[in-house]
Amino acid sequence: MYYVGVDLGATNVRAVVGDETAAILGSASRDTPRGPNGIAVTEAVLEVIRAASTDAGIAPSEAVAAGIGSIGPLDLAEGIVQGPANLPDTVERIPLVGPVGRLLDTDEVHLHNDTIAGVIGERFHSERNPDDMVYLTISSGIGAGVAVDGNVLSGWDGNAGEVGHMTVDPHGFMTCGCGLDGHWEGYCSGNNIPKYARELYEEDPIETSLPVKDPDFSAVDVFEAAGEDTFADHVIDQVAHWNAMGISNVIHAYAPLVVSVGGAVALNNPERILDPIREKLPEMVFINVPEVRLTDLGDEVVVKGALASALTGGTGDRSRVKSPP
């Protein structure tokens, strides 16, 4: 039996084909289209599923189920992404469940927020992760997948865990990609760190080697200059403050034993991202401070979680792995 897992992010889309043991037999990826519309993104998803199937040596219709971990917000009733914050405004509606089901010729297509797929992946693939944990991504956006008492929280519409849109700054110094002010994601996501750095520089310009006025200025520039540029260090310290504040809110809401962190910003800069958070949390958290660690699954955590969802009927519960007929 074959299963498909899909990770649709704002930057990349990837797919894997696996068997009933969750072993990956084929994979494919590509950049996520920036438009001209949502159908272009849908077509990219179908393209990588076809390519991963070819890599696995099967036809897409041989897969019996699929799991999709996607950027949000989701409309589970329609099986779509509606108005994603980190893609252009022209990408308003991305159909997923219907087109993927038609390609695979199956009704077993399970759509999740990408971070919910992430926490499914963490719990399915690792024996050491507890029943109470959070998977947090710091990437193009920020979000969390939450498990409480062994139950993965999804919400009626699939949008539980959109913690990047928590208001951490009531003064609203930064505007988030969703259009609202003061959100955690507006300060600390990969897309917004360079924008935040520019605003800090405009407020208090100091000598810096960072190309803050270059249109191609990116978060990579900030982290590469860390330790050698005073302004870069200041930006990273401010980002650490907002990250610690956001994570402390998540801790107070869900009381996890572990916060497992992934996403490109964290995976590529673990010492600059995680170490300051660990230092700041004891002063910000009223209850038990959990272990904060980098995910063991690297940048495959969402796609592996999506595959686990396909294997288990959308639950991630190992006891529900389907056996071959």
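The conversation below takes several terms one by one and sets values against definitions.

Modeller: Please note that this is a predicted model, in which local features need pLDDT of at least 70 and side-chain atom pairs count only at pLDDT 80 or more, while totals for chains, interfaces and linings use all residues. Residues are numbered from 1 along each chain as its sequence is written, and side-chain values use heavy atoms, with hydrogens and water left out.

Colleague: Which residues is asparagine 243 in contact with?

Modeller: Contact means heavy atoms within 4.5 Å. Leaving aside neighbours within four places in sequence, asparagine 243 is in contact with Ile138, Ile142, Trp184, Cys188, Ile273 and Ile277.

Colleague: What makes valine 235 count as buried or exposed?

Modeller: Valine 235, also found in helix α7, has a relative accessibility of 0% and therefore counts as buried. Not counting residues up to four places away in sequence, valine 235 touches Ile193, Ala197, Leu200 and Val222. The C-alpha atoms of valine 235 and tyrosine 201 are separated by 9.3 Å, and these two residues are 34 residues apart along the chain.

Colleague: How many disulfides does the structure hold, and how do you know that cysteine 176 is in no disulfide?

Modeller: The structure holds zero disulfides. For cysteine 176, the nearest cysteine sulfur is that of cysteine 178, 3.8 Å away. Cysteine 176 is buried at a relative accessible area of 4%, whereas cysteine 178 counts as partly exposed at 35%.

Colleague: Where is aspartate 149 found?

Modeller: Aspartate 149 is found in the loop between β10 (142-148) and β11 (151-152). Its phi is near 55°, again a positive value in a residue other than glycine. At a relative accessible area of 58%, aspartate 149 is exposed.

Colleague: Which residues does a cis peptide bond join?

Modeller: Proline 36 is in the loop between β3 (24-31) and α1 (38-56). Another cis peptide bond joins glycine 72 and proline 73, with omega about 5°. Proline 73 lies in the loop between β4 (63-70) and β5 (74-75).

Colleague: Why do β3 and β8 stand at the edges of their sheet?

Modeller: Two strands pair if DSSP finds at least two bridges between them. Five strands form an open sheet with mixed pairing, in the order β3-β2-β1-β4-β8. β3 and β8 each have a single partner strand, so one side of each is left without a neighbour in the sheet. Within the sheet, β1 (residues 2-8) and β2 (residues 12-18) run antiparallel and are joined by six bridges; leucine 8 stands opposite valine 13 in β2.

Colleague: What makes β10 largely enclosed?

Modeller: Six of the seven residues of β10 are buried, so the rest of the structure largely encloses it. Strand β9 (residues 133-138) pairs with β10 in the antiparallel sense over six bridges, and a hairpin joins the two through three residues.

Colleague: How do you know that β10 and β11 pair?

Modeller: The definition asks for at least two bridges, and β10 and β11 have two, so they pair, in the antiparallel sense. Alanine 147 stands opposite valine 152 in β11. β10 and β11 form a hairpin with two residues between them, and aspartate 149 is in the turn.

Definitions and conventions. Helices (H or I, at least four residues) and strands (E, at least two) are DSSP runs, numbered from the N terminus. Buried means under 20% relative accessible area, exposed over 50%, partly exposed in between (1.4 Å probe, protein chains only). A disulfide is a pair of cysteine sulfur atoms within 2.5 Å.
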